[in-house]
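Q: Could you take me through how the chains of this model touch one another, and then through one of its helices?

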Amino acid sequence: MKRVIVLVVLVLIAVVSSVITPLVISIEVPRCLRDLSRYYIINTIKDTASPEAVAAIVWDYRGLDTVYETLVLYLAIVGGLTIFMYTGELARETPVGLTLLSRTATKIITVLISTVSAAIAFHGHLTPGGGFPGGSALAVATMLIIPVFSINTLLEKGVTSTKLVAIRGVSLTGLGLVALLPVIRGLEIVTNQRFYPGYLDGFILSGSISLYNLLEFLAVASGFTAVALYLSIPEEYYKGGDNA
Amino acid sequence: MLEEFTFTLLISVLAINFLISIYGIVYRRSLTKKLISLTILSDTVFVAIILAGLIYTYPIVPPVYSDMQGGEAEFLATHASDPLPQALVLTGIVIGLATNSLIAFGIIQTYRLTGTIDARKAVKTLLEEGVE
Amino acid sequence: MIITLILLIASSILSIVFVYMAITERDLLKATAFSAGQSICYATILQAMGAADIAMTYVAVSAGLYSAILVFVISKTERFEEVGSE
């Protein structure tokens, strides 16, 4: 009861203060953009061959920031895998999982989530989205499979942590190569239109932006799936012995 | 009239959420509750950054062209939202995710070493016994 | 124009409710559910302001990955926090 009273008081403070303030102080709401954003919106197709302004800023105009941010995410996942390293054998029992209704619904939902996440990632240079939301959505679909079916179902199909970490390493190497390759011709390190082709046979490729989105999608999805596989091992396997 | 009310309401709501989450970090004992309050705090700051690029025009659209000819440049320069804060917030969300997941792994390791999730008892146990 | 403003007003007031209920709750699983509800309110505010890119990323990260990581952490540690704050 006390919580409800405090909540109502907080909402009333917010509403009353925003009714009184425009009567006392004269406020002007903003109605036009600043000059730098107007430059980015007007010149984005001419400089980067990509009709989406946000993807052009993230991967081309300020591409070096994004390369460093990918490095930070990589180091965080490496730290997590170090804590949860388990080198023994899991007890192989018959997989149990939840009821038949949950399993049927999860099969349909997982296929839909995989399709939508691939569409978000591969069209990152044409529509809002990009590589990072696509990879997160695919990792959420895998985190849905683990409680509904059991973890042994996933391990028997060959989706082990070692393979996922290998996929992650290969895609991060590819990302580094796409950033470093223009140095061969004497250009700077994250260059888009002077080295990579913008169009290919009528398809809009936007140079290196579509390559970056594809590699980031693979790296993020496999990294978070490996973390989820390690987090699902029960606590009894870590006690005793020298697995601290 | 309604526009100024919405503008000041957004600013006061963000300020109240900021203060409630700082209360949650300082005064709550469980380490997991501190992590939840930290995520709410960083999300509030991101919305405040995007609020700095808000403009009040009638059809507000995302800054995306429909074709590659570039004929809509005049329409988009006056009616699109600001793309520069969106790029900065995208980087911020990724780095926040990395830091918060490392904090979550640290909470599990603290529970294994000391056996409690209470912040003050964990510090006392670690100071008395020491870490092997 | 009116619909955008009404959406902004309703989502902001709803987000105060969710944030307050999340932080003063003893059962940590309920606090995780309230935190996911707060993420949906913030994503509505971001879409009404025209930032479609951020709204998509925010829903996938906050309502998806944070809730999953918090449920894993709660299952390996304790579920209820103790009474008496400081």
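Q: How many residues does the contact take from chain C and from chain A?
A: The contact takes 16 residues from chain C and 18 residues from chain A, where two residues are in contact if their C-beta atoms, placed from the backbone, lie within 7 Å. This is a predicted model, in which local features need pLDDT of at least 70 and side-chain atom pairs count only at pLDDT 80 or more, while totals for chains, interfaces and linings use all residues. Residues are numbered from 1 along each chain as its sequence is written, and chains are lettered from A and ligands numbered from 1 in the order in which they are written.

Q: Which elements of chain C give two or more residues to the side that touches chain A?
A: Those are α1 (2-23) and α3 (52-76) of chain C, with the largest share, 11 residues, coming from α3(C); helices are DSSP runs of H or I with at least four residues, numbered from the N terminus.

Q: OK, switching to chains B and C, how many residues are in contact there?
A: There, 41 residues of chain B are in contact with 41 residues of chain C. On the side of chain B that touches chain C, α1 (2-27), α2 (31-51) and α4 of chain B each give two or more residues, and α1(B) gives the most, with 11 residues.

Q: And what follows α4(B)?
A: Gly115(B) follows α4(B), and the phi of Gly115(B) is positive, near 80°.
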